Amino acid sequence: MTWNTNRRQFNMMLAAAAGATTLGAKPAFAETIKVAGIYTQPIQQKWDARLHQGLEAAKAKGDIEYVFSEKVANTDYIRVLREYCESGVKLIVGEAFGISKEARKVADEYPDIAFLMGDPFKPHGSNFSVFDNYIHEPCFLMGMIAGAMTKTNKLGMVGGYPIGEVNRLFHAFIDGAKSVNPDIQYKVTFIGSWYDPPKAKEAAFAQIEAGADIMYAERAGVVDAAREKGVLAFGNVNDMNKEENGTDVVVTSALWHMEEAIAYAITQVKAGNFKAEDYKEWTMMRKGGASLAPYYEFEDKIPAEIKAKVEATKAKILAGEMDVTITDSEPKSSF
């Protein structure tokens with residue numbers, strides 16, 4: 001249905017919709033669509049969990065029918081992608097890291113299906129939109145707090161792989177710390193895995209023994225090390241104070257929210273307006289895609305002056321008066 005209608009036609013459609021509602025049926029514009037999620041990790045893994053939660057939220061509102069597959073290896077991903085394309089779905093949400101070229105070919109073969117894929121490259125064709133998690137802004141705010149609370153002026157960061165989506169978070173964290181404490185030094189370690197808590201824990205131990213008294217826990221396992229060594233930590237993607245045993249250890253976390261991005265994609269599909277776009281802005285603070293978690297038991301332990309500075313900086317970011325620098329190059333340890 002196009003929207004090139006005159007006022008009389010539009011009023012007739014409204015009347016028909018009202019009649020359908022009276023009879024207990026849903027009006028056409030409220031019709032649900034079938035959406036598929038395809039994940040390479042278990043949905044408990046926090047990156048995929050944020051996508052899953054966003055789609056579950058849309059399902060709870062009655063906007064979509066939702067089906068998903070988890071633990072799909074890259075070698076099997078295209079087969080699963082094609083199966084969903086043949087099953088009547090209107091939107092597929094997933095990840096194309098490592099298989100971007102192949103996933104784009106599938107999108108070309110199914111131009112009537114919308115694809116919203118985690119992908120570091122540009123949108124493709126007419127129906128392949130991309131996203132990444134741009135939570136560097138709350139990472140900058142976390143860095144400000146870390147820079148004010150450290151006693152050694154040495155921060156530690158343990159990540160999975162030195163790719164753009166991780167690198168930019170570490171850079172922003174350090175930029176925030178240096179904005180309030182120019183004497184900051186830092187160590188960076190990449191463990192070569194998205195989920196290896198023992199390895200991340202050992203990397204954190206090494207950084208703490210080298211003098212780091214505050215850790216950025218980009219990977220699971222770091223919080224446990226911080227707890228055992230009696231240092232503080234900052235969380236990543238999910239609320240690690242509440243969700244990863246971080247009470248009395250995790251000061252706050254940089255949160256990633258996909259609800260608004262997914263809601264926007266669903267709206268575009270239903271209206272027939274979906275197109276290839278970069279959803280970057282939908283994963284940032286101004287669009288509700290990123291935020292800073294509460295301070296919980298650290299509320300009164302963070303210096304009042306730095307809390308005020310964080311709030312002022314947050315307000316500038318939300319008002320569009322300040323842009324946090326995005327640096328995707330690999331960060332190198334400074335001590």
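Modeller: A residue is called buried when its relative accessible area is under 20%, exposed when that area is over 50%, and partly exposed in between. Please bear in mind that this is a predicted model.

Biologist: What makes the contact of Arg219 and Glu218 a salt bridge?

Modeller: The definition asks for a side-chain nitrogen of Lys or Arg within 4 Å of a carboxyl oxygen of Asp or Glu. Between Arg219 and Glu218 the N to O distance is 2.8 Å, so the pair meets the definition. In general, side chains of opposite charge can pair when their charged atoms come close.

Biologist: How do you know that Asp132 forms a salt bridge with Arg168?

Modeller: The closest N and O atoms of Asp132 and Arg168 are 3.7 Å apart, and the limit is 4 Å, so the term applies. This pair links distant parts of the chain: Asp132 lies in the loop between β5 (128-131) and α5 (136-149), while Arg168 belongs to helix α6 (residues 164-180), 36 residues apart.

Biologist: Which class of accessibility do Asp132 and Arg168 fall into?

Modeller: Asp132 has a relative accessible area of 6% and is therefore buried. Arg168, at 2%, counts as buried too.

Biologist: Why are Glu281 and Lys287 placed in their class?

Modeller: Glu281 has a relative accessibility of 44% and Lys287 a relative accessible area of 32%. Both values lie between the 20% and 50% cut-offs, so each residue is partly exposed. Glu281 and Lys287 also form a salt bridge, with their closest N and O atoms 3.7 Å apart. Elsewhere, salt bridges that share partners join Asp76, Arg79 and Glu83 into one network. The structure holds 14 salt bridges.

Biologist: What makes the whole chain as compact as a globular protein of its length?

Modeller: The protein chain has 11 helices and 11 strands. Its radius of gyration is 22 Å, close to the 20 Å that the globule rule gives for 335 residues, and the chain is therefore as compact as a globular protein of that length. Buried residues make up 50% of the 335 residues.

Notes: Residues numbered from 1 in each chain as written. Predicted model: local features only at pLDDT ≥ 70, side-chain atom pairs only at ≥ 80, totals over all residues. Heavy atoms only, no water. Helix = DSSP H or I, 4+ residues; strand = E, 2+ residues; numbered from the N terminus. Rg over C-alpha atoms; globule rule 2.2 N^0.38 Å. Buried < 20%, exposed > 50% of the residue type's maximum accessible area, 1.4 Å probe, protein only.
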